[in-house]
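The structure is shown first.

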Amino acid sequence: MKVLVSGKVEGTVLKSKDAINFLGTVDKKTGIISDKNHDLYEKSIKDTILVFPSGVGSSVGAYTIYSIKSNGTAPLAMICQKADLTVATGCALANIPLIVVPDEEFSSINNGMKLSLDTDSSHPLQYQ
Amino acid sequence: MELTREEESALKGEQGEIMEMAYRILVATGEATDAEKLVPIEWTHLSGVNYNTIGDAGEEFLSSISKDARVKVKTTLNPMGFDIDNVSNYGLDENFISKQLSIRNSYETMGVIPSFSCIPYEIFDIPKDGTQVAFAESNAAIHANSYDNLKTNKESAFSALASALTGKSPYSSLRKEDSPNVSIRMKVDDPNELTYGMLGFFAGKVGDISVNISGLGEMDNRQCKAMCGGMGTSGTCAKFIFGEGDSGTEKIDFDEKAMQNVHDELNTSEKGDIITLGSPQLGLEEISELAGKLKGRTFEKRCMIFTPRTVKEQANKIGYTNELERAGCEILSDCCTCLTPLINKDNVDAVTTNSIKGAFYLKNSNGVGVNLKSLSQIIEDETR
């Protein structure tokens with residue numbers, strides 16, 4: 001496990017099989033995924049622990065992550081399978097905790113699970 | 001990643017919110033790229049200037065941080081969306097102009113040199129060999145690594161901004177060592193700048209972080225820039241290493257067929273309605289050469305020329321501007337062929353250009369057709 005942006009939160013998992021292109025896929029005012037072809041279509045990422053394989057697309061997507069945080073529609077934390085610079089810098093700008101987990105752990109996290117994340121702890125991820 | 005006590009303190013917020021954010025960006029970038037520590041850098045070049053690319057979210061972010069953020073090292077800036085001297089000729093909407101000016105003001109407030117240029121390596125002095133810099137403009141990063149003996153990764157707008165605010169960058173990838181696993185052999189005869197642009201584009205697709213490249217003859221400045229611009233457009237690669245590489249590397253030929261594939265991908269029109277020159281922006285040498293080639297000739301279509309403001313001022317003094325304007329050129333500073341709102345598909349179907357980088361963005365972002373030609377071909381076909 002790698003900690004890219006540290007922090008401590010508790011919340012409910014919203015998991016996506018698809019990668020997320022923050023620029024153009026997320027409605028900044030509501031946090032709702034607006035891409036019809038995405039498996040989170042019409043779901044809101046607001047106040048969730050968003051679990052997804054990785055970010056894709058333009059690095060400008062980092063500003064979108066900053067915007068959703070400013071608008072109060074951002075996830076509480078993000079958990080990815082692969083580090084990508086757009087999500088890493090976006091979470092860094094917005095101060096949203098971000099960790100990258102190994103494939104096995106990624107597969108074991110399910111939609112709707114309650115999780116607590118504390119990046120300073122020796123066991124950062126606790127399943128409730 | 002190992003941090004010093006001072007860096008830890010900044011990350012905890014003990015040196016203010018701006019430093020906390022900047023170090024968060026450096027740590028996130030460093031962890032994502034397996035850096036072991038941060039190292040000092042002496043010069044940063046920022047992207048994320050054009051309102052067309054960063055939008056309202058970027059404008060608001062910069063406006064907000066510029067209240068407190070100040071750059072710590074020499075920091076230069078990529079082009080924006082227009083040239084303030086002649087923006088009124090182009091019918092841009094008020095919102096675009098005011099948002100772009102807000103972005104400019106935010107950067108100036110932070111202490112950034114308002115160079116609005118994608119060729120910092122041509123208009124600023126180059127530091128001594130081996131100096132660590134942080135360039136977010138891809139063609140400039142590639143030029144710095146390949147021709148100027150500087151060290152930079154292909155930075156993002158954010159990692160470069162964080163480096164500007166802290167004077168540091170994650171020590172990873174091209175900042176350390178590089179040993180390319182691909183060697184490209186140039187096999188095309190009689191190359192011009194368009195050929196080198198396509199070679200760069202091809203190299204960017206097959207290379208990962210850097211590539212070896214062999215079979216190059218003497219190249220002029222325009223050809224070197226074209227090759228860097230092409231590479232920066234197509235991938236993550238940020239360095240040419242001139243030579244064949246060792247025997248273990250995979251050898252790939254750039255031959256007529258490979259070149260044709262790149263050409264077919266980017267050349268979408270038989271002819272253009274207007275001509276653009278300058279992506280990367282033209283330096284003084286190229287302006288001088290162009291003025292010479294246009295002696296006694298006039299363009300039969302609009303020809304937009306993009307050059308940094310400092311070069312435009314020098315060109316004015318020397319008299320090149322008069323010569324170019326007489327030949328029908330529109331000279332624009334502070335902006336570039338790439339991502340300019342001055343060219344849009346409502347009034348232009350296709351653009352003729354010798355730039356592979358320009359072609360890529362005109363096609364994909366501006367949504368116009370592209371007709372690729374070398375400069376000498378453009379002058380032969382489009383002037384009389």
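Strand E11 (residues 302-306) of chain B is mostly covered, with four of its five residues buried. A residue is buried if 20 or more other C-beta atoms, placed from the backbone, lie within 10 Å of its own, exposed if 12 or fewer, and partly exposed in between. Helices (H or I, at least four residues) and strands (E, at least two) are DSSP runs, numbered from the N terminus. The model is predicted: local features need pLDDT of at least 70, side-chain atom pairs count only at pLDDT 80 or more, and totals for chains, interfaces and linings use all residues. Residues are numbered from 1 along each chain as its sequence is written, and chains are lettered from A and ligands numbered from 1 in the order in which they are written.

**Strand pairing** (at least two DSSP bridges between two strands)

- Strand E10 (residues 274-277) of chain B runs parallel to E11(B), joined to it by four bridges.
- B:Cys303 in E11(B) is the bridge partner of B:Ile275.
- Between E10(B) and E11(B) the chain passes through helix H11 (residues 284-293) of chain B, in a right-handed β-α-β crossover (clockwise from the first strand over the helix to the second, with the strands pointing away from the viewer).
- Four bridges also link E11(B) to the parallel strand E12 (residues 329-332) of chain B.
- In E12(B), B:Ile331 stands opposite B:Ile305.

**Contact between chains** (C-beta atoms, placed from the backbone, within 7 Å)

- Chain B contributes 17 residues and chain A 20 residues.
- On the side of chain B that touches chain A, helices H2 (17-32), H3 (51-65) and H7 (157-166) of chain B each supply at least two residues.
- H2(B) gives the largest share of that side, seven residues.

Note on methods. Two residues are in contact if their C-beta atoms, placed from the backbone, lie within 7 Å.
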